[in-house]
Amino acid sequence: MRFDDWMLAFHVLSAFSLVAGLILFWALIVVGRRTDTPAGTLSLNPLAKVGSATVGIGMVGTIVFGLWLAFSIGNYNLWDAWIIIALVLWFVGAAVGRKTGEAFLEGPRKAEELQSAGQTGPNAELLALNRTSRGLLLHSLTSLIVLLILIDMIWKPWA
Amino acid sequence: MSVLAAIRPDSWNFPLLVHLLGALVVVGGLVTATASLALAKGEARLLRLGYWSLLAITLPGWIVMRLGAQWIYSKEHWDDLPDRLIPSWIGIGFLVADFGGLILLVSLIVGGVGVYRMRDGKGSRLLKATLVFSVVLLAACLVAVWAMAGKPS
């Protein structure tokens with residue numbers, strides 16, 4: 001395997017890490033929708049950390065190895081339309097992803113407040129925060145952006 | 001190989017997308033299942049999440065990935081070649097997909113019994129076995145992704 005083949009393998013593995021994190025968060029969204037207690041909400045935190053780590057590794061890996069490939073491979077250029085499209089989508093996805101994280105952090109924050117106040121039972125406000133429709137919309141948007149990047153990478157429009 | 005990817009006929013793109021989407025879902029399901037089962041610490045809800053991730057995410061993803069693999073394999077006319085000419089990265093892919101599929105089925109059966117026995121406060125050993133299967137499958141899938149992307153030999 002040439003060095004660029006290794007870089008391509010790491011680029012693709014990073015993409016898998018990114019999507020794995022998104023899927024893990026989808027599973028957490030489904031579970032969170034039925035979670036109305038502080039303890040139940042906070043017990044999902046370790047899983048959310050795994051999701052954040054895999055998304056983080058995926059985001060950094062895809063851009064670093066992707067840029068390397070754009071510079072290194074002779075017939076690819078940074079100003080190729082499909083690479084520009086991917087870069088724009090990556091930055092938009094990163095911004096939307098950050099907003100998604102903020103929306104889903106409101107539930108655990110409320111759970112910590114309730115727990116420190118000694119309220120351990122079901123709480124309607126906590127349930128509403130765990131069911132955040134804004135977060136759901138933003139996560140759907142992030143997933144759609146990643147799908148569009150994938151389609152762009154395969155079809156390579158105007159290449 | 002990257003140059004080859006750039007000149008890939010358009011008619012190969014959709015089967016490749018199907019194969020890739022399936023593979024992404026498989027790995028996503030396995031990461032979710034592994035993390036849930038490993039971090040559950042006996043909590044029934046997370047143990048169930050781990051099992052259901054395998055059943056409702058990994059299994060459908062595996063079916064889509066395997067169908068997509070056969071589709072792109074046929075589109076690229078690899079099936080017209082004798083076995084000795086098939087590159088090792090395809091061999092690794094098929095090995096992981098087919099044996100991995102068997103391991104997935106076994107882990108679903110073992111985990112299913114484990115989840116059922118959780119009603120009586122049992123089944124945690126079976127779900128630990130499911131965790132081991134998930135870790136092995138995840139490692140094998142990552143090797144397959146490396147092979148598919150880097151295309152050794």
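The model is predicted, so local features need pLDDT of at least 70 and side-chain atom pairs count only at pLDDT 80 or more, while totals for chains, interfaces and linings use all residues. Residues are numbered from 1 along each chain as its sequence is written, and chains are lettered from A and ligands numbered from 1 in the order in which they are written.

Start inside chain A. Helices here are DSSP runs (H or I, at least four residues), numbered from the N terminus. Two packed helices are described by the angle between their axes and the distance between the axes. Take helix α1 (residues 3-32) and helix α3 (residues 45-72), both of chain A. Their axes come within 7 Å and cross at roughly 150°. Axes are lines fitted to C-alpha atoms, for helices over the stretch in contact, and angles run from 0 to 180 degrees between N-to-C directions. Therefore α1(A) is roughly antiparallel to α3(A) (an angle over 145 degrees). The crossing is left-handed (the near helix is turned anticlockwise from the far one by less than a right angle). The contact of α1(A) with α3(A) involves 19 nonpolar residues, 11 polar and one charged. Ala, Val, Leu, Ile, Met, Phe, Trp, Tyr, Cys and Pro count as nonpolar, Asp, Glu, Lys and Arg as charged, and the others, Gly among them, as polar.

Now zoom in on A:Gly51. This residue sits in helix α3 of chain A. A:Gly51 is buried, because 25 other C-beta atoms lie within 10 Å (20 or more make a residue buried, with C-beta atoms placed from the backbone). Leaving aside neighbours within four places in sequence, A:Gly51 is in contact with A:Gly21, A:Leu24, A:Phe25 and A:Leu28. Contact means C-beta atoms, placed from the backbone, within 7 Å.

Next, move to the two chains. In total, 29 residues of chain B are in contact with 28 residues of chain A. On the chain B side, α2(B) gives the most, with 14 residues. That side divides into 19 nonpolar, eight polar and two charged residues.

One helix pair spans the chains. The axes of α1(A) and α5(B) come within 8 Å and cross at roughly 135°. In α1(A), the residues include A:Trp6 and A:Phe16, and in α5(B) they include B:Leu142 and B:Trp146. This contact divides into 10 nonpolar residues, one polar and one charged.

Definitions and conventions
Helix = DSSP H or I, 4+ residues; strand = E, 2+ residues; numbered from the N terminus. Parallel < 35°, antiparallel > 145°, perpendicular 65-115°, else oblique. Contact = placed C-beta atoms within 7 Å. Buried ≥ 20, exposed ≤ 12 C-beta atoms within 10 Å, placed from the backbone.
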